[in-house]
Amino acid sequence: MAETRRRRRKKKQQSEYFFDYSLLFIVLFLLGFGLIMIYSASSYEAYDSYGDAAYYMKKQLIANIIGLVFMMVIANIPYTFWERFATLGYVVSMILIFLVKTPLGITSHGATRWIGIPHTGFNLQPAEVAKLCMILFLASLVCKMGKSVRTMKGFFTMMAAPLPIAASVYLITDNLSSAIIIMGIAVLMVFVASPDYKKFIIMGGSVLAAAGLLVVAVVQMGDKIGTFRLARIQAWLNPESQAQDKGFQTLQALYAIGSGGIWGKGLGQSMQKLSFLPEAQNDMIFSIICEELGLFGAVAIILMFIMLLWRMMVIANNAPDLFGAMLVVGVMGHIAIQAILNIAVVTNSIPNTGISLPFISYGGSSALFLLSEIGLVLSVARRIQLKEL
């Protein structure tokens, strides 16, 4: 009798699976905090433009709710189900990018990067679809290539796979930041699948050398710069010289960060959001966090992102198979790269390029697909047996 109970207990223990409530709590906290900061950063502009101080917050709340529904649905579907759609997702994301140039394309702030969904009032950003589909495709490709991914041919194959998507995002939608993120996701996934430090050191050194030569060339050009992006590099090097043009947003963000001090002015007390800082609720929301909550608030948010990435690392290390591990690595890379680039832009550590802060900045497409990616991570976590932890 005792032996029977022991076998039943052992069988029950083996059938118990892991659910990462810590990851879920961090995501929900970031979403809630993001709604508060969107309201704080956009209330003045929203009331002035739409007569409703909560206009942007309400739209983001709807997108978050839809995203959470997607997240829970995806979390309850075995992640291996999506592997069969990896190639289809690659093709669909490419088609969506080209649809931007059709009558469905939506232009906002001088850029055509969205597709209008008829009769819904919802605009879809194909670059966000491409990031998710690229994670699926590369995870599937790593599994199909097996050990050959560690060869030089496998390395170049993995690095060439995202190039058509990244090039299309940059050339068709004029979205350099998303193209960089897509290539960054690929680099991280290839590095995890094939940790050959020599190749990545050479590649990283080449990129840094090219960037350094570009900066030197921009300095030598002086006022003869003819392209918009090169002018942004000049504004990055000396924003005061273009205080009324390319350097205006960066300077206003730095004023906000500097005036916040250690503890900040207090929630809702920002001055820069009063029509001084463009896109305060979007790309520059981190500067409003610094101004209202100070260095303390900024560090707290950075720590939350570090905890989020740490939980994903735990899940990736304990994933039941390679496909699951690569999915989590891809999502982890996406969130890490996007958060680092956003904070770097806001603090003028790199040239200004439009990029949102994950889960916090205003943006329906970004929230929807980021939460779908979290659903994939939770799906992988649910398949981890407790006895393996």
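Predicted model: local features only at pLDDT ≥ 70, side-chain atom pairs only at ≥ 80, totals over all residues.
User: Why is H5 called roughly antiparallel to H6?
Analyst: The axes of helix H5 (residues 126–145) and helix H6 (residues 152–160) cross at roughly 160° and come within 11 Å. Angles run from 0 to 180 degrees between N-to-C directions, on axes fitted to C-alpha atoms over the stretch in contact. Over 145 degrees counts as roughly antiparallel, under 35 as roughly parallel. H5 is therefore roughly antiparallel to H6.

User: Which residues make H5 and H6 meet?
Analyst: From H5 come Leu138, Leu141, Val142 and Met145; from H6, Gly154, Thr157 and Met158. Contact means heavy atoms within 4.5 Å. By class there are 5 nonpolar, 2 polar and no charged residues. Gly counts as polar here.

User: Why are H6 and H8 also given as roughly antiparallel?
Analyst: Their axes cross at roughly 155° and come within 9 Å. H6 and H8 are therefore roughly antiparallel to each other. Phe155, Met158 and Met159 of H6 touch Met183, Ala186, Val187 and Val190 of H8. This contact has 7 nonpolar, no polar and no charged residues.

User: What makes H3 and H14 roughly parallel?
Analyst: Helix H3 (residues 55–75) and helix H14 (residues 364–382) pack at about 25°, with axes 7 Å apart. So H3 and H14 are roughly parallel to each other. Their contact includes Ala63, Gly67 and Phe70 of H3, and Leu371, Gly375 and Arg382 of H14. Its classes are 13 nonpolar, 7 polar and 1 charged.

User: How is the second largest pocket lined, and what is its volume?
Analyst: The volume is about 1300 Å³, taken as the space filled by probe spheres set on the grid points. A pocket is an open set of points on a 1 Å grid, probed at 1.4 Å, with protein on both sides within 12 Å along at least five of seven lines; lining residues have an atom within 4 Å of a point. Here 31 residues line it, and Ile180, Val207, Ala211, Leu341 and Ile350 lie nearest its centre. Helices H8 (176–193), H9 (197–221), H10 (228–237) and H13 (322–346) each give two or more residues.

User: Which classes make up that lining?
Analyst: The lining of the second largest pocket has 23 nonpolar, 6 polar and 2 charged residues.

Note on methods: Residues numbered from 1 in each chain as written. Heavy atoms only, no water. Helix = DSSP H or I, 4+ residues; strand = E, 2+ residues; numbered from the N terminus. Parallel < 35°, antiparallel > 145°, perpendicular 65-115°, else oblique.
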